[in-house]
Amino acid sequence: MATVQLSNLSKTFADGTAVVRGVDMTIPDGEFCVLLGPSGCGKSTTLRMIAGLEVSSGGRIVIGGRDVTDAEPKDRDVAMVFQNYALYPHLTVAENIAFPLAMRGVDKATRARKVREIATMLELDELLGRVPAQLSGGQRQRVAMGRALVRDPKVFLFDEPLSNLDARLRAQTRRELKALHARVRITSVYVTHDQEEAMSLADKVAVMAGGVIQQYDSPLELFRRPTNRFVAGFVGTPAMNFVEARVEAKGEGKGQAAGAQMVVTTDLGRMRLGAGSGDGLKVGDVCTLGIRPTAIDVRRAVAGIEEEGEHAGVAQGVIESCDLLGEVSDLWIRCGTQAVLARVRTQDWMRSGEACLVGMPRAEMYVFEPGSMGKRLSGGESGMSEPRGAVAAALA
Amino acid sequence: MKNETAQSARGHSWWAYVVLLPILLIVGVPFIWLVCAAFKNNADFFTSVLLPRGEGFLGIAWDRITLDNFRALLAKGGFARATLNSVLLSSVIAVGATLFCAMGGYALARVRFAGRRWVQWLVMAALVIPPPLLLAPGFELLYHLGLLDRMLGLILPALAPAFGVYLFQQATHSSVPKELIEAARLDGCSELSAFWKVGLPLLQPMASAFMLITFLGVWNNFLTPQVVMQSPGQFPLAVAVAQLKNTYYQDYGLLMAGTLASIVPVALLFLLLQKDFVAGLTSGAVKG
């Protein structure tokens, strides 16, 4: 077990493409860290640099206090589970699991004992004599885990190991993986583009984009207090709604009087945000407002919503599409030129073409600087507000 | 549906026979002629096409069938020696070339090193040069190295044919996934042990096929040993058989017996390894 430190780690390919740019992070001993990001964000390259399969262009990698930047993969004491499992097709399950031990000169009797232990732990006892071609996807996944576990490495590396499994098996393997980590507590680095997987597995998540770590935090912090608009949009299902806004009026200077508000105009109409919103913005400035689909209030047009009060604004809209998910529904609502996604508790009247009112609770509003990487200026300060919409439905 | 498939399969096999039978005749008749000629005396060689006609079973004069040609062949001391030379040459080159080509092809496909692209170009360039063109410069090189009339003079130049390197490079691309080698390196393998433990076992079908092709090629090669070897004691079979020809008198029976004796070992080897040979040639053609 070991702490993994990456200092100013970078990778530029021969054609000049910089895929990882100055990554700094410390993964404490025994922690489960997930590198999360869209395709091409540099997460897999970062993982491969930790493994030693990719030579870094700059920076340092320290594992357990030892600088391994230039060390061979075999000398780093890391084990990796590949996306396609990378089991040796000509060897049996037992030989696959024992392979790392054999390569390290471990004697036959110890190898056999360790293989039995691992096989029992991963419920592979019946399969030891089979070759990989005779195994199902889930079984191959477990053998790959066994091969990684058997030599008790300092660090576990996972490169999207669940992406080849079907949804049900993926959920099951995720639970098993979590339980396994709780038992062995080996420092783990896990790469995925699936944010649900990241949120459910990780102690801490590093969200990457453009070769840079955008935020490295606990899953809940990422969700509550995303550092910028990219993280806010990437973390959370369904993704956060964004709308461009211009500041129309604002309370004077710092230390605003209680109740002072920022008023902005948007395509959804005028909105009154809470005190302290949009720190640093002046009248006339452009910003981006964000709200999670689960936080939006949707009422039938005839019912009406109290505009003043807890809502920053209420817009009139028409349901464009309604995706019934069971207890909850995803509504795409057209409000003028802007489309808004809301996840709400399913009600009978919700169908395409139905007029509705869309309420944006003030406590749930986020304000970002303009641009796709715009910094969060406010929002999420009060932690999770009272459950509403889909959250309330889930809790009900 | 099932019947239709079976019917169409039968249809296909019928056509296959129509196409294959004439080919079999074209290939088989000279061979049958050769076998018959090896068992005839010189007089019968000129008077009968296949076996000599007579009063015996099937209208063949069985009493005139003779093993004299083979006896004469064995009586010539050089023939046994030549067989041994051929076995030695073919085996050493087949094993060596397979190993070196596998290593070269694997390295070009899976190991990153400076100048890899240049080496690849060189291999491709070497592929387009006809081997007979290299005889004269090769002869001069061997002369300067003092390797003329020595086994090593035949073995060394044949150890890493460009075609083999190219073949194994392609086979590595299709049969040895990159991730497997990466996994092996993480599991404690060096580049060499990753090749031995993971790369080579996965290349085994291709290796068997290539070994057989090389063995046959060396066994049947006449031109190079004829140029490089000068002492009769060093001749392989192909050259030794050619030496059975006489300037003023041809003992065709002896010549055919020599040819047959030189064919039989490789034919047996081919029949033995046929399955691997076909598997090697089609490896990578079907994914999965």
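Reply: Two residues are in contact if their C-beta atoms, placed from the backbone, lie within 7 Å. By that rule A:Leu157 touches A:Leu47, A:Ile50, A:Ala51, A:Val78, A:Ala79, A:Met80 and A:Val189, residues up to four places away in sequence not being counted. This is a predicted model, in which local features need pLDDT of at least 70 and side-chain atom pairs count only at pLDDT 80 or more, while totals for chains, interfaces and linings use all residues. Residues are numbered from 1 along each chain as its sequence is written, and chains are lettered from A and ligands numbered from 1 in the order in which they are written.

Me: Why is helix H1 (residues 43-51) of chain A called mostly covered?

Reply: A residue is buried if 20 or more other C-beta atoms lie within 10 Å of its own, exposed if 12 or fewer, and partly exposed in between. Nine of the nine residues of H1(A) are buried, and the helix is therefore described as mostly covered. Among them are A:Lys43, A:Arg48, A:Leu47, A:Ile50 and A:Ala51. Just after H1(A), A:Gly52 takes a positive phi of about 90°. Over chain A, 43% of the 396 residues count as buried.

Me: What makes a set of residues a nonpolar core, and which residues touch the most other members of the largest one?

Reply: The term denotes a set of buried Ala, Val, Leu, Ile, Met, Phe, Trp, Tyr and Cys residues joined through C-beta atoms within 7 Å. The largest core has 169 residues, of which A:Leu157, A:Val189 and A:Val358 touch the most other members. Its largest share, 12 residues, comes from helix H4 (residues 77-110) of chain B.

Me: How many residues does each chain give to the contact between chains A and B, and of what classes are those of chain A?

Reply: Chain A gives 17 residues and chain B gives 13 residues. On the side of chain A, strand E6 (78-81) and helix H2 (93-103) each supply at least two. Helices (H or I, at least four residues) and strands (E, at least two) are DSSP runs, numbered from the N terminus. The classes on this side are 13 nonpolar, two polar and two charged. Ala, Val, Leu, Ile, Met, Phe, Trp, Tyr, Cys and Pro count as nonpolar, Asp, Glu, Lys and Arg as charged, and the others, Gly among them, as polar.

Me: How do you know that strands E11 and E14 of chain A pair?

Reply: Two strands pair if DSSP finds at least two bridges between them. Six bridges join E11 (residues 241-250) to E14 (residues 286-291), so these antiparallel strands of chain A meet the requirement. One of the bridges links A:Ala245 to A:Cys287 in E14(A). Both strands belong to an open antiparallel sheet of six, in the order E13-E12-E11-E14-E20-E21 of chain A.

Me: What makes E13 and E21 of chain A edge strands?

Reply: Strand E13 (269-273) and strand E21 (376-378) of chain A each pair on one side only.
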